[in-house]
Amino acid sequence: RTIASLWDTVVAENRTTPAYLVEEESGWREVSWREAAQAVDEIAHGLLALGVRKGDAFGILARTRLEWSLFDFALAHVGARAAAIYPSSTPSESRYILEDSAAIGVLVEGEDDLPLIEEARALPELKHVLTFADLDDLRARGREHAAQQPNAVEEAAAQITDDDLFTFIYTSGTTGP
């Protein structure tokens, strides 16, 4: 049982309760399982279109938000590993996590993360630096990819085993990085 297969099982149940509640200026907005599943599928196809594959690491620097979760589930569907970075991490701590995890990309919340973006762009192995604002374009790219290769995400997910790593978690410790 993998994270991707667990997600797919829950989505297939056609639940009527919301998958998520998102706080917005006007109040709480319900996100249906169908809406969340569509986003995960489009992002996963977008990641495949970018060349993200099983075993690749991808950093995520953000506060806990819906986009974080959906991106993480999309990574799980292509067999890529998330490398979570605390929003309070310094640019050098963030760089350490990206280097140590051998990340090929990083998703950051926004332009407020400019110091990290500048650090990230200096890493030669980092091919993709995305912000949450880029997710609509990634989803559009994913829809194009799905039209050309509709089974690509299912095929990628089928290659994931129970023994494959899902995420890197770097904890704050007293002994350094």
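**A parallel sheet and the helices around it**

H45 is found in helix 2. In this predicted model, H45 counts as buried, because its relative accessibility is 1%, under the 20% cut-off. Once neighbours within four places in sequence are set aside, the residues in contact with H45 are G142, H145, A146, Q149, P150, A152 and V153.

The axes of helix 2 and helix 6 come within 7 Å and cross at roughly 80 degrees. The two helices are therefore roughly perpendicular.

Helix 1 and helix 3 have axes that come within 8 Å, crossing at roughly 115 degrees. Helix 1 is therefore roughly perpendicular to helix 3, and their crossing is left-handed. I3, A4, W7 and D8 of helix 1 meet L70, F73, A76 and H77 of helix 3 in this contact.

Five strands make up an open sheet, with parallel pairing and the order 6-5-3-4-7. Its edges are strand 6 (128-131) and strand 7 (167-168), each of which pairs on one side only. Strands of a sheet pair through backbone hydrogen bonds, in either a parallel or an antiparallel sense. Strand 3 (residues 57-61) runs parallel to strand 5 (residues 103-108), and five bridges join them; here L61 stands opposite V108 of strand 5. Strand 3 also pairs with strand 4 in the parallel sense, again over five bridges, and the bridge partner of F58 in strand 4 is A82.

How well covered is strand 3? Five of its five residues are buried, leaving the strand mostly covered. In a regular strand the side chains alternate between the two faces of the sheet. Both faces of strand 3 are covered, with A57, G59 and L61 buried on one side and F58 and I60 buried on the other.

Helix 3 (residues 66-78) lies across strand 3, strand 4 (81-85), strand 5 and strand 6, and runs at about 175 degrees to strand 3. Helix 4 (residues 91-100) lies across strand 3, strand 4 and strand 5, and runs at about 165 degrees to strand 4.

The nonpolar interior comes next. In soluble globular proteins, nonpolar side chains tend to be buried together. The largest nonpolar core has 37 residues, of which W7, L47, F58, L70 and F71 touch the most other members. Two or more residues each come from helix 1 (3-12), strand 1 (20-24), helix 2 (33-50), strand 3, helix 3, strand 5, helix 6 (135-148) and helix 7 (152-158). Helix 2 gives the largest share of this core, ten residues. Another core, of 14 residues, lies apart from it and includes I97, A103, V108 and L126.

E99 has its place in helix 4 and counts as partly exposed, because its relative accessibility is 41%. Apart from neighbours within four places in sequence, E99 is in contact with L123 and E125. The C-alpha atoms of E99 and D162 are separated by 25 Å, the two residues being 63 residues apart along the chain.

In the loop between helix 5 (114-121) and strand 6 sits P124, which is exposed, with a relative accessible area of 75%. P124 and K54 are 70 residues apart along the chain, and their C-alpha atoms are separated by 20 Å.

N14, in the loop between helix 1 and strand 1, has a phi near 50 degrees, a positive value in a residue other than glycine. With a relative accessibility of 63%, N14 counts as exposed. A102 is found in the loop between helix 4 and strand 5, and its phi is positive, about 60 degrees, although A102 is not a glycine. A102 is partly exposed, with a relative accessible area of 48%.

Notes:
Residues numbered from 1 in each chain as written. Heavy atoms only, no water. Pairing = 2+ DSSP bridges. Helix = DSSP H or I, 4+ residues; strand = E, 2+ residues; numbered from the N terminus. Contact = heavy atoms within 4.5 Å. Axes fitted to C-alpha atoms, helices over the stretch in contact; angles between N-to-C directions. Core = buried A, V, L, I, M, F, W, Y, C linked by side-chain atoms within 4.5 Å. Buried < 20%, exposed > 50% of the residue type's maximum accessible area, 1.4 Å probe, protein only. Parallel < 35°, antiparallel > 145°, perpendicular 65-115°, else oblique. Left-handed = near helix turned anticlockwise from the far one by under 90°.
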